[in-house]
Structures are given as structure tokens and as C-alpha cells.
Amino acid sequence: MKETVLDIAARYGLVLKEETLEFNESGLDFQVVFALDQQENEWVLRLPRREDVMPRTSAEKKALDLVNEHIIEFEVPNWTIYTNELIAYKKLNGVPAGTIDHEIQNYIWELDINNVPDCFYETLGKALAALHKVAIEKVKGVGLTVHTPEEARQSMKERMDAVREEIGVGDSLWTRWQTWIKNDEMWPKKTGLIHGDVHGGHILIDKAGNATGLIDWTEAKVSDVSNDFVILYRTFGEEGLELLINAYKEAGGYVWPKMKEHVLELEAAYPVSIAEFAILSGNDEYLQMAKQALQVAEA
């Protein structure tokens, strides 16, 4: 396998040191390899496991090119090699704030999760504000999905309706969702370019805890900016969410009076995503998990 990776890289002008190759087999879609080139630069290589994988990377490539061109506040991968058999980029500074350990089904953190430094919230708030302010015309120009505030809200409504039709939703949860959907004050009047999956594994930090980069841009689009706060609320709680929103506002991010409450309600709608995955995959284990999250009583 080492020879194959070396040969593929060499075809695109990347000469790697064989003894430095490190393989990560955890990804379902890509085999990941870390290596040094002859000049001691660190590289990340992604080799597709199946033919259907690469077409789905085109939106991520568009997002990365756009962010690399317009944002200096944080780092993102720059795919200098992008072909049907190899994606390769120079490794970014920083390490993931947390890495998911599938055995314990939780993160192993680089941060002190019980004493998160202020600089983490400050730098992440600044990064998200810069991202969300990228001109929507620029995003349209590269062909990424663009939702207006009304479309983002309508999309959520339609997703909820579809899940209720397919699996069902408990009465109290459904009432909560409908109250939220109908409350104009909750919903943002603007949308912005979002990362779409901001969690500990995708945030790079330095030794002091400053957020230095964001990786894995498969969900990038223009939509409700609150999506980039939901998983962080789940991780750091309401106090952490308030600190992040304040830092985001200080950096010029778009904040409205009911933003915090909206994020809380968006989090309460997370069973929609679980249900959608269960329906798509046909996995019975996920279906049972979805029913539990949706508060559907078993017959």
C-alpha cells in the first residue's frame, strides 16, 4: 500500500518520504495518510475508497476555494491536488479541539472542558463572524446552495412534517416545534455562509486554546447562521453559548434579540436529523434511536 500511495502522489509532483507515511483507516469514504515531503512539509492525503465518493466533494472544494480567497481570520485546507484518485493539502497549524473516541462514545479533549479559556470563545466568535459575513453574491457565484431566511425556515418546517408523516412525533415535542416555527421574533432576518458542522473535531486550536482553523466543509452553504452554534451549545452549555454569542457580536456577527432562544429551539429539533438518517439508511438501530428522540411511544 505504501508503494501505491507514493506512486499516486508522485504522479502529481508530490514526492513523499516513505518512512514518514502514517495511515488512518477510520474514514468510511476516504483512506487518510499523513506524510512529509522532501522539504519536510507535512501533508494530508485523502484517497477515495469508492468511485461514488469524489463527485460529492465538488461542493466542499467550492467552499474551500471561496473561504481561502476571502477569509484571513482562520485556516482551512487548501486542496492543491484535487483529482479523481487523490486529494492532498499541506497540514494546517493546530490540532482538533476534541477527537471522538468511538469506544467511549465521547470526545477526548485537548481543551480543559470544565475550564474553557476565554480566548477559545473570542477567536471562534471572530472566525464565525468572518465566515458569516462573506458576500452572498460570492457564494452564488461559485454555485453553493443559498437559502433566504424564509427558505431556511420553510425547509425546517417541511423536514419536521416529513418526519412526523414517516415516523411520528410526540405531542409535547410537536407543540414545541410548531410554537417555534410560527414565532417570527425567534427567526433571523438574514442568512450567511455557514460551515454547517462546527464541533470539537472540526475546530483546530493552538496550545493556548485559540481557535486557528476549521476543517471538513461538506455541509457549507448559505443558511440560518444559528446552525454553527447548536453543537457548541450542546457541548459547552448555555453559559458557553452566551460567551460565544457575545464574542461573535463583538466581532461584528449578526445577532438578533432572540438568537440564544432560537439556538436552544434549534437544538430541540435535533431529532429531525436523527430521523432523516434513520429513514435514509434503513438502519433499525437508528430508527429506534429516532423514535426515542422523537418521543414516539412504542405500540
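Visitor: Is Asp216 buried, partly exposed or exposed?
Guide: This is a predicted model. In it, Asp216 is partly exposed, because its relative accessible area of 31% lies between the limits of 20% and 50%.

Visitor: Where is Asp216 found?
Guide: Asp216 lies in the loop between β11 (211-214) and β12 (221-223). Its phi is positive, about 60°, although Asp216 is not a glycine.

Visitor: What about Gln295, and what is its phi?
Guide: Gln295 has a phi near 60°, which is positive in a residue other than glycine. Gln295 belongs to the segment after α10 (284-293). With a relative accessibility of 43%, Gln295 counts as partly exposed.

Visitor: Turning to helices, at what angle do α5 and α6 pack?
Guide: Helix α5 (residues 149-166) packs against helix α6 (residues 171-182) at about 160°, and their axes are 11 Å apart. The angle is over 145 degrees, so α5 is roughly antiparallel to α6. The crossing of α5 and α6 is left-handed.

Visitor: Which residues make that contact?
Guide: From α5 they are Arg153, Met156, Lys157, Met160, Asp161 and Arg164. From α6 they are Trp174, Trp177, Gln178, Trp180, Ile181 and Lys182.

Visitor: How many of them are nonpolar, polar and charged?
Guide: The contact of α5 with α6 has six nonpolar residues, one polar residue and five charged residues.

Visitor: Now the strands. In what order do the five strands of the open sheet come?
Guide: The order is β1-β2-β3-β5-β4, with antiparallel pairing.

Visitor: Why is one side of β1 and of β4 left without a neighbour in the sheet?
Guide: β1 (22-24) and β4 (81-82) stand at the edges and each has a single partner strand, so one side of each has no neighbour in the sheet.

Visitor: And within the sheet, how many bridges pair β3 with β5?
Guide: Four bridges pair strand β3 (residues 42-48) with strand β5 (residues 87-90) in the antiparallel sense. Val44 has Tyr89 of β5 as its bridge partner.

Visitor: One last topic, β7 and β8: what do they form?
Guide: They form a hairpin with four residues between the two strands. Strand β7 (residues 98-101) and strand β8 (residues 106-109) run antiparallel and are joined by four bridges. Ile100 has Tyr107 of β8 as its bridge partner.

Visitor: Which residue in the turn has a positive phi?
Guide: That residue is Gln105, with a phi of about 55°.

Notes: Residues are numbered from 1 along each chain as its sequence is written. This is a predicted model: local features need pLDDT of at least 70, side-chain atom pairs count only at pLDDT 80 or more; totals for chains, interfaces and linings use all residues. Side-chain values use heavy atoms; hydrogens and water are left out. Two strands pair if DSSP finds at least two bridges between them. Buried means under 20% relative accessible area, exposed over 50%, partly exposed in between (1.4 Å probe, protein chains only). Axes are lines fitted to C-alpha atoms, for helices over the stretch in contact, and angles run from 0 to 180 degrees between N-to-C directions. Angles under 35 degrees count as roughly parallel, over 145 as roughly antiparallel, 65 to 115 as roughly perpendicular and the rest as oblique. A crossing is left-handed if the near helix is turned anticlockwise from the far one by less than a right angle, and right-handed if clockwise. Contact means heavy atoms within 4.5 Å. Ala, Val, Leu, Ile, Met, Phe, Trp, Tyr, Cys and Pro count as nonpolar, Asp, Glu, Lys and Arg as charged, and the others, Gly among them, as polar.
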